[in-house]
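Biologist: I would like to go through the labels on this model one by one. Tell me what stands behind each.

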Amino acid sequence: MTRALGWLTVLGLVAGLVAGFGYAPREAVQGNVQRIMYLHVPAVLTAYLAFGLVLAGSIGYLATRRPGWDRLAGAAGEIGVLFTGLTIVSGSIWGKPTWGTWWTWDARLTSTAVLFCVYVGYLLLRSLIEDPDARARYAAVVGILGAVNIPIVHFSVKWWRALHQPSTILGPERSPIDPAIGLALFVNWVAFTLLFAYFLARRMEIARLEEQT
Amino acid sequence: MSACAKEPGHSAVSSYTKRAWIILWKDLLIERRAKENANALLFFCLLLLFLFQFALGPDRERLAAAVPGLLWLGFILAGLLGLGRSFLGERENDCWEGLRLTPGDKSAIYLGKLAGNCVLMTAVEIILVVLFGVFYSVDLWTPAAPLALVLGLGTIGLAAVGTLFAAMTTQVRARELLFPVLLLPVQVPVLLATVSATQALLLGQPLADVAHWLKLLAGADLVYVTIGLLTFEFVLEG
């Protein structure tokens with residue numbers, strides 16, 4: 001089952017590469033640099049999905065006390081940090097040629113960085129507690145607080161600083177994106193979600209085996 | 001206790017507040033007798049002021065421009081030390097077990113501890129503000145009332161998460177390191193809101209100009225305290 005998911009992910013990622021580099025047209029203003037978007041945007045969407053699952057796993061654990069929920073939260077937390085890191089690094093590489101700087105304290109960059117720090121803290125907490133029961137309970141509390149804090153961080157940072165283009169896909173108006181670019185983005189998003197599901201399944205399996213020993 | 005379990009309503013509420021009050025009173029009494037935290041924290045604040053002065057140099061304008069940020073940096077650093085210790089005493093003589101065996105809703109303990117931490121932080125903040133006014137010759141007196149509102153809201157936000165995380169990290173090794181690492185990123189909105197609002201108030205802007213920050217702070221406080229009340233019993237178990 002997991003193996004099949006793995007091969008499906010490989011297929012998706014290959015399709016994503018073809019769609020991003022072959023099918024999608026060169027962007028008029030930015031040129032080829034814009035193709036980083038096919039990594040950047042799916043990565044951040046996957047990260048949000050992951051942190052959503054951390055929240056779900058945390059609440060699930062505190063409500064049921066089943067270790068499976070904790071494994072879900074822990075695995076999703078690790079992969080979420082990975083994909084947030086990927087978002088920040090790819091954004092940095094994209095920012096250098098287009099904005100002329102690796103990093104700026106813009107609202108979205110800042111809130112993504114804060115998100116990254118919150119969940120690195122979450123992983124640190126997990127790594128420092130040996131007792132599985134205490135680890136699951138404490139991590140769940142931090143996981144819930146971290147997720148609930150996301151909108152508060154978002155607004156505070158937005159009012160504090162507002163260079164990053166506003167969200168085009170999730171905005172209320174019809175997206176001004178070229179359909180070919182939109183499709184390439186969609187293919188890559190599906191591929192990343194598959195990759196996430198594969199990582200999650202593997203990581204949870206490893207956690208389960210670790211608990212048995 | 002069994003009496004209040006039988007007749008819910010008013011007596012349950014008063015028993016809840018009473019239990020929170022007992023915790024607060026106990027902590028204040030310990031603090032008054034042992035003076036473990038307050039004295040050292042006050043001295044720490046004074047040292048912080050010297051450090052800021054040495055780091056920024058004698059340029060008065062530069063110092064004045066940096067005051068809102070420095071003020072909150074001071075509160076947060078003092079808070080990290082003060083809040084982080086708030087459950088340390090409970091580890092001795094099986095006090096933790098005593099807290100766990102307390103009948104009724106465990107969130108009353110959280111509320112009492114939170115109130116105690118707010119009292120401690122408020123004391124530290126008043127001293128720091130006065131010291132800032134004296135040493136950096138900033139006029140903190142004119143906007144005193146609106147500033148007090150910002151300070152109060154910020155303190156609740158800081159203490160609400162701080163109390164919850166302190167209870168958690170007390171049981172963990174590398175406690176001194178883990179507590180700030182967990183608390184600081186979560187506190188970014190509180191820091192941004194309070195520093196921006198303090199800056200505007202010191203520039204002489206009316207309270208209405210910072211209303212959005214106050215709303216954000218109030219909302220954040222509400223969320224943090226609610227999460228703290230709901231999850232504290234899970235933290236206390238360990």
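Modeller: Start with burial in chain B. Of its 238 residues, 41% count as buried. This is a predicted model, so every value is computed from predicted coordinates.

Biologist: What makes W213(B) buried?

Modeller: W213(B) has 24 other C-beta atoms within 10 Å. The label buried needs 20 or more.

Biologist: Where is W213(B) placed, and which residues is W213(B) in contact with, leaving aside its neighbours within four places in sequence?

Modeller: W213(B) is in helix α10 of chain B. Its contacts beyond those neighbours are A193(B), S196(B) and A197(B). Take S196(B): 17 residues separate it from W213(B) in sequence, and the C-alpha to C-alpha distance is 7.8 Å.

Biologist: Why is R85(B) called buried?

Modeller: R85(B) has 20 other C-beta atoms within 10 Å. The cut-off is 20 or more. R85(B) is placed in the loop between α4 (60-84) and α5 (95-101) of chain B.

Biologist: How far apart are R85(B) and F234(B)?

Modeller: In sequence, 149 residues. In space, 20 Å from C-alpha to C-alpha.

Biologist: What is the secondary structure of chain B?

Modeller: Chain B has ten helices and zero strands. Along the sequence the pattern is α-α-α-α-α-α-α-α-α-α.

Biologist: How do you know that chain B agrees with a compact globule?

Modeller: By its radius of gyration. A compact globule of 238 residues would have a value near 18 Å. Chain B has 19 Å, which agrees. Along the principal axes, its C-alpha atoms fill a box of roughly 65 × 35 × 30 Å.

Biologist: What share of the contacts in chain B with a separation of 6 or more comes from residues 24 or more positions apart?

Modeller: They account for 82% of those contacts.

Biologist: At what angle do α4(B) and α6(B) pack?

Modeller: About 145°, with the axes 10 Å apart. Helix α6 of chain B covers residues 107-135. The crossing is right-handed.

Biologist: Which residues meet there?

Modeller: From α4(B), the list includes V67(B), L71(B), G74(B) and F75(B). From α6(B), it includes L120(B), M121(B), V124(B) and F132(B). By class, this contact has ten nonpolar, four polar and one charged residues.

Biologist: Now chain A. What are its elements?

Modeller: Chain A has six helices and zero strands. From the N terminus on, they run α-α-α-α-α-α.

Biologist: What makes chain A as compact as a globular protein of its length?

Modeller: The globule rule gives 17 Å for 213 residues. The radius of gyration of chain A is 18 Å, close to that value, so chain A is as compact as a globular protein of that length. Its C-alpha trace spans about 55 × 45 × 30 Å along the principal axes. Buried residues make up 40% of the chain.

Biologist: Why are α1(A) and α6(A) called roughly antiparallel?

Modeller: Helix α1 (residues 2-23) and helix α6 (residues 179-212) of chain A pack at about 155°, axes 8 Å apart. Roughly antiparallel needs an angle over 145 degrees. The pair passes that cut-off and is therefore roughly antiparallel. The crossing of α1(A) past α6(A) is left-handed. The residues in this contact are 17 nonpolar, seven polar and one charged.

Biologist: And how do you know that α4(A) and α5(A) are roughly antiparallel?

Modeller: Helix α4 (residues 107-128) and helix α5 (residues 132-160) of chain A pack at about 170°, axes 9 Å apart. That angle is over 145 degrees, so α4(A) and α5(A) are roughly antiparallel. Their contact has 14 nonpolar, six polar and three charged residues.

Biologist: How many residues does the contact take from chain B and from chain A?

Modeller: It takes 27 residues from chain B and 26 residues from chain A. On the side of chain B that touches chain A, α7 (144-169), α8 (175-186), α9 (188-202) and α10 (211-236) each supply at least two residues.

Biologist: Which helix gives the largest share of that side?

Modeller: α10(B), with eight residues. By class, that side of chain B divides into 20 nonpolar, five polar and two charged residues.

Definitions and conventions:
Residues numbered from 1 in each chain as written. Chains lettered and ligands numbered in written order. Predicted model: local features only at pLDDT ≥ 70, side-chain atom pairs only at ≥ 80, totals over all residues. Axes fitted to C-alpha atoms, helices over the stretch in contact; angles between N-to-C directions. Parallel < 35°, antiparallel > 145°, perpendicular 65-115°, else oblique. Left-handed = near helix turned anticlockwise from the far one by under 90°. Nonpolar A, V, L, I, M, F, W, Y, C, P; charged D, E, K, R; others polar. Contact = placed C-beta atoms within 7 Å. Rg over C-alpha atoms; globule rule 2.2 N^0.38 Å. Buried ≥ 20, exposed ≤ 12 C-beta atoms within 10 Å, placed from the backbone.
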